[in-house]
Amino acid sequence: MKALKKITLLVSIMAAIQVQAAGRDYISVVGSSTVYPFSTVVAERFGKSTQFKTPKIESTGTGGGMKLFCKGNGVDTPDISNASRRIKASELQMCHDNGVTGVVEVLIGYDGIVVANDINSHDFNLTRKDLFLALAKDVPGEADGELVANPYTHWNQVNADLPAVKIEVLGPPPTSGTRDAFVELAMEGGCKEYEWIKATKKSNKDQYKSICHTVREDGAYVEAGENDNLIIQKLQKNPDALGIFGFSFLDQNTDLVKGSMVDGAAPEFETIASGEYPVSRPLYFYVKKAHVAEIPGMEAFLNEFTSEKAMGEEGYLTDKGLIPLGEELYKEVRENTKTLKNLEL
Amino acid sequence: MNNTDLVKKSLGKRYLKERIFRTLGLLSIATAILFLVFLLTDIASKAMPAFSQTKITLPIYLDTDELGVGASNSVEEIGQADFRRVIRDALLAEFPEVSKRQEKRELYSLTSMGAEFQLRDRVMDNPDLLGQTLEIDFMADDDVDAVIKGSIDRYLPENDRRVKDQKLDWIEQLEAEGRITTGFNWNFFANGDSREPEMAGIKGAIMGSLFTLLVTLALSFPVAVAAAIYLEEFAPKNRFIDFIEININNLAAVPSIVFGLLGLAVFINFFNMPRSAPLVGGIVLSLMTLPTIIIASRSAIKAVPPSLREAALGLGASKMQSVFHHVLPAALPGILTGTIIGMAQALGETAPLLMIGMVAFIVDIPQSVVDPSTVLPIQVFLWADSPERGFLEKTSAAIMVLLFFLIAMNAIAIYLRKKFEKKW
Amino acid sequence: MKISALLFLLVLFAAFSYFMARQKITTAYRQRKQKSKIMTLPKYFGYVAGLCSLIPALLVLMVLQVAEEPYITSEISTYIEQTNIELDVNNQSDLDLFMNEIRGADTPEKVSAMSAEKLQVYQRFHEIEVTTQRTITAIVLSLAVLLGVLAMRKINTDTPARKVFEKIIEGILLLAASIAIMTTVGIVFSVLFESTRFFGEVPILSFMFGTEWSPQTAIRADQVGSSAAFGAVPLFVGTMLISFIALLVSVPLGLMSAIYLSEYANKSFRAVAKPVLEILAGIPTVVYGFFAALTVAPMIRNLGESMGLSVASESALAAGLVMGIMIIPFVSSLSDDVLSAVPQSLREGSLGLGATRSETIVKVLIPAALPGIVGGVLLAASRAIGETMIVVMAAGLAANLTVNPLEAVTTVTVQIVTLLTGDQEFDSAKTLAAFALGLMLFVTTLILNVIALHVVRKYREQYE
């Protein structure tokens, strides 16, 4: 009798752990932490309103996501990569090299990059030149062509109109698309104002990039990971610090943080949409064409994301802080997504 | 002065020192316990609001035209119908003065995103409701919820408040009309993770923890007990066995994050097992709890007096028979206690699971050990970063649930220990 | 057929062999004239017969299962090559992708939803799958039957069945014990392997003694990132700082608590206080981290501001304080044990000479128990060094070389987590650096534990 009991117990345990090599039946999304809030909202609605499984979404940073995405076409690679900047030529090349030849680009909207701080703290009225001088690793010296290690420790040393506060900026690491966009739009924007640096753009592009994009490493700029919500929390606890993140996070937390003016424009919906606010960039996600037929629900998910309900002017993504595309552009994006137009750079 | 007087003089001081020392000891214990109480009350007070949910009662006219439902009333059609629209219509009917686009958006945000799915499920269950007008309690959005609970102070100046004056006016009007009710928050226990605080629940995390612990138990218990029996009863005294023992003792004190590195390098990278699955998490955790259970089992086996073994041997049993028929049953309470404590430790582990990818946003409740899922401590970790007030209380509530499970498991272990403790 | 059904059949057949062999021996025993020579119960013969048929069959089944996948893949690849479907079967990921839908088609709707060419492949796949499974079942079952019958025939009353059975069980137990070694080997191997790859790119000396930690290197060729400095000294200093603060809190509190509990407290107080202290150790570290980040750190910050000091919002003090509270049970529990182990004669001798209780404790007991207490402190230190969640949530992210507890520092464990969540390419120095840090952690805690256990054990022998 005892033996029989043991046998039944054994078999029932084995039945509980049935590991079958079945295919993946959920969509796997990786990438930007800026697009993450939008992606998760669409995923949740999608899961609730269709019979497909809710997509699994990881926030790895745009760069990290691209690397995973372009690793190959296999079932164990992600289906969609969110990006807070356009895919680089080198990344698309990596995709092609690894066999991912069908990549569909979907432009979902615009987003501003804000430099924000705690709502009760000082007001900052910055220019892009200020940002460059405060955050670059090497800044221009007295003479043209000379570079010195960044000596500025307080904001009023960079620009006498700014508060006498220690420079402490929490920002994204190099895996983040926000970082790429920030160095290209804000820092490069300020660095170009030096004539001699602007001249090097033509003569020595690599040096130009290294001057304008390298961020200081002496502790004034703190790489705060991919979690923008965490940055907001840290700003509340540290009123002298500034944080760099996407406009949607500012929009959703207006009672906790406020955005600084940049080049005279305040970070608001209208100014970003019109282009008046200089640090704004488009948001994308990229889809593996090969997976659309294989993973259940892909078409429906793409349909939901690009629908008027979601991405449109009155869509629920706008409620979350996304700045929507104009009418014409939206129609084009919808059409390209439906036909799975392959990306050529 | 002779020695006795000298001693008598110093006696006062020495007794004082004695009292101070004794009080210090008592104070230390008091400090530790006080901290524990402080921690628990702080988290409990933050968690209390999470268990209630604000609802808004609105009259809904289920107009088939507005919904876009044809005459057939099939389930698919109802599933695709636009319930958001009828809810919006109901809100506009309450506040007909709202006209501007921006204002309308604010108005629509009074109800939760899940409200339309609530309505849809209800109509799908009972399609006869179409065409009728009903009073339905909808989940309120987390901002409204926060105002009602007082987490957002309505008496602050507008700039400092997340909810602006106009929205506040609407909420107060609804309150005056008696349309705002609060009830127990069943969503917290019935839903998985969500982006909206009012809809977020821990069921997904609890099922994930359950599956992970199941795998851990199934793997670690038999192996650990077998190893303990071998080491205590059968192992010869040679260097190989010494080496095994040293290994086990060291593994017990290795930081948990190193096990996470092992899981990442070997199981995910080398064996290509699915990321975020309780299976891999369970394997990593079982490697971690193995030393704990082995050590506990060994002491339990060691505590069985030799007289029991010798009696069995004296009656003609073999070594194996004496172990399995007499020593093991006698040591079983201690072994079980050790196992339960090991499982409780595994339940609270976060770091190794972070490394193997159980940090994704997963809404569906896992149905098996290979479905992607997250566990309770990681859910706490994920929610702790969200700035919405709603998530703050949900995080605290999730911690309370976690602590509840842990206390229950430890209590069972202690109870078993007390009940089966035999004084040899 | 399915695995579980096959396993069930195997077990069933083993049971059958068991009953048959047992029956055979029972009858043999009954037929004996001299009853006294019976040394083994019939059931052991049954066990041996059952295990003989079961164990080899299980092993063969495991091997075949592992080989099944590659075999099916190669078969279906050859089939696809013969059809005119455009698929490069040598490309593993393309093949996997194509097969994903086929493998996942477990309902009739999904099958009918596939394209015509996929349907073709699906049918062939199904055929291959069924054939292989049938072959495996046949092989395994016939092996089991063969061995079972063989065993049943060869077993007679002279077979030392019980000894054989017990030897088999002993072997299984030894295997279980060796899993502990395999785990250690696994950890050491995997961490060491990745670390050596790391040290191939970053010299070990610059890692261990460098003072600049900027690991966030560029992840693309055309990107400009940090300068890839991998000097881990700020991390070590940060870890030491926070652990030191933790020990500063936990050792006095833990020791005094242990002293009170073992020397002054009465039974009922001890029965309540000891479990409550243990609860501190049972609370998950993520809860401590949450509490430290949300309540303790702002409190310390406000306190510091009111005193005019500039306190970082993620001060080492906050993290260290909470960690110290978590470690109290480790120190108090171990100290309690060693203090109780000191023989009563020492206490009585001291009291007899006129010392007060506190003088006895300070001058006699603690020196006697000192090695054990030190061992306990070392174990607590190793726990503090390896702690992850509290520091991830409450300590900073910037590598800051300082010993000021009011500033934000980062630790080894925080950096491991930061480096490994997100970009995880296993050939960039960044990801491998996490393994090198893990190696450092493992070695340090190992050394501390070995010393601690050695010290405690050595002390315990003195009184035996």
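Analyst: Before any surface numbers, one definition: accessible areas come from the Shrake-Rupley method with a 1.4 Å probe, and for residues only the protein chains shown count as cover. By that method, chain B has an accessible surface of about 18600 Å², 60% of it belonging to carbon and sulfur atoms. This is a predicted model, where local features need pLDDT of at least 70, side-chain atom pairs count only at pLDDT 80 or more, and totals for chains, interfaces and linings use all residues. Residues are numbered from 1 along each chain as its sequence is written, chains are lettered from A and ligands numbered from 1 in the order in which they are written, and side-chain values use heavy atoms, leaving out hydrogens and water.

User: How do the surfaces of chains A and C come out by that method?

Analyst: Chain C exposes about 21200 Å², with 65% supplied by carbon and sulfur atoms. For chain A the area is about 13300 Å², and those atoms supply 51%.

User: Why is B:Ser286 called buried?

Analyst: Buried means under 20% relative accessible area, exposed means over 50%, and partly exposed is in between (1.4 Å probe, protein chains only). B:Ser286 has 6%, which is under 20%, so it's buried. This serine sits in helix H13 (residues 278-303) of chain B. Contact means heavy atoms within 4.5 Å, and beyond its neighbours within four places in sequence, B:Ser286 has contacts with B:Thr216, B:Leu219 and B:Ser220.

User: What makes C:Val188 partly exposed?

Analyst: Its relative accessible area is 30%, between 20% and 50%, so C:Val188 lands in the middle class. C:Val188 belongs to helix H6 (residues 161-201) of chain C. Leaving aside neighbours within four places, its contacts are C:Phe193 and C:Phe442. C:Phe442 is 254 residues away in sequence, with 8.6 Å between the C-alpha atoms.

User: How do you know that helix H15 of chain C is mostly covered?

Analyst: Eight of the nine residues in H15 (residues 412-420) are buried, including C:Gln415, C:Ile416 and C:Leu419. For chain C overall, 51% of the 464 residues are buried.

User: What makes a set of residues a nonpolar core, and which ones touch the most other members of the largest?

Analyst: A core is a set of buried Ala, Val, Leu, Ile, Met, Phe, Trp, Tyr and Cys residues joined through side-chain atoms within 4.5 Å. The largest has 195 residues, and C:Phe198, C:Phe207, C:Trp213, C:Ile259, C:Met323 and C:Ile416 touch the most other members. Helix H8 (residues 233-264) of chain C gives the largest share, 14 residues. Apart from this core lies another, of 54 residues, among them A:Ile167 and A:Tyr221.

User: How far apart do the charges of chain B sit on average, and what counts as a charge?

Analyst: Lys and Arg count as positive, Asp and Glu as negative; His and the chain ends are not counted. Each is placed at NZ of Lys, CZ of Arg, CG of Asp or CD of Glu. In chain B, the mean positions of 41 positive and 47 negative charges are 16 Å apart. In chain C, with 33 positive and 36 negative, the figure is 21 Å. Chain A has 37 positive and 48 negative side chains, with centres 9 Å apart.

Terms used:
Helices (H or I, at least four residues) and strands (E, at least two) are DSSP runs, numbered from the N terminus.
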